[in-house]
Amino acid sequence: FWKLPKIYFPSSLTTLDIGNNYFDDIHTESFKLLTNLQALDMSSCKTRELKSKWFSDLKSLRRLDLSGNEIEELPSGIFKDLKNLKHLNLDRNYLRSIDGASFGALENLLQLYVRNNRIESIDEIFIRKAQSLFFGWFSGNSCIDKNFNNFIKNSMINLEEFKACFENFERSFFVRGKNFTN
């Protein structure tokens, strides 16, 4: 593994794809000038640990892809500065829980992908913060925590499509005039 070096990307950049690289750290100033960045792909980089400072300057970010890494835990406040984030992909990592403290100010998040992780629990803080979700994909996880049922009850009104999991059994939910499958 290596550290993504100090690179001065042009401030006009709106999309950055650094996926399929192998790094476990990013120089703190690499993203500093990217105030107009709207989409960041960091998928399949074998990254194990996220650091809050990586995303702190990306105020315009709307889409973040962290899928296919080896992330086990989301640090508290990791997404706190991403107030415009609408699409977050955390598929195919090693996450064991969804902690609301990690999601900070994601009141505008519309799409969340956490398929094929190891999620066993979802905390109540996340449930309260997830009211803006329109699409949620949780299949391929254990989701055995009692809060997962609360998440479904509290979020079903807002979700257009929701793929969930119960005891390793995948179920699809389609609401707002669509099919609801148990």
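Helices (H or I, at least four residues) and strands (E, at least two) are DSSP runs, numbered from the N terminus. With these terms in hand, the tour may begin.

**The whole chain.** This is a predicted model, in which local features need pLDDT of at least 70, side-chain atom pairs count only at pLDDT 80 or more, and totals for chains, interfaces and linings use all residues. Residues are numbered from 1 along each chain as its sequence is written, and side-chain values use heavy atoms, with hydrogens and water left out. Display the protein chain: three helices and 12 strands are present. Of its 182 residues, 46% are buried (under 20% relative accessible area; exposed is over 50%, partly exposed in between; 1.4 Å probe, protein chains only).

**Confidence.** Colour the chain by pLDDT, the predictor's confidence in each residue, from 0 to 100. The chain has a mean of 79, and 76% of its residues reach 70 or more. Select strand 5 (residues 63-65), where confidence is highest, at 98, and then strand 12 (residues 169-174), where it is lowest, at a mean of 41. Over residues 166-182 the pLDDT is below 50, yet in the model this stretch has 45 contacts beyond near neighbours in sequence; a contact means heavy atoms within 4.5 Å.

**Asp 25.** Next, select strand 3 (residues 23-26), which contains Asp 25. Is Asp 25 buried or exposed? Asp 25 is buried, because its relative accessible area is 16%. Leaving aside residues up to four places away in sequence, Asp 25 touches Trp 2, Lys 3, Leu 4, Lys 51 and Trp 54.

**The cavities.** A cavity is a set of points, on a 1 Å grid over the protein atoms alone, where a 1.4 Å probe fits but cannot get out; lining residues have an atom within 4 Å of a point. Grid points are joined across faces, edges and corners, and a volume is the space filled by probe spheres set on the points. How many cavities of 30 Å³ or more are there? The count is two.

- Select Phe 103, Leu 106, Leu 109, Phe 126, Lys 129, Ala 130, Ser 132 and Leu 133, which line the largest cavity. This cavity holds about 50 Å³ of space.
- Then select Ile 26, His 27, Thr 28, Ser 30, Phe 31, Lys 53, Trp 54 and Asp 57, the lining of the second largest cavity. Its volume is about 40 Å³.

Technical notes: 1 Å grid on protein atoms, 1.4 Å probe; cavity = no way out; pocket = protein on both sides within 12 Å on 5 of 7 lines; lining within 4 Å.
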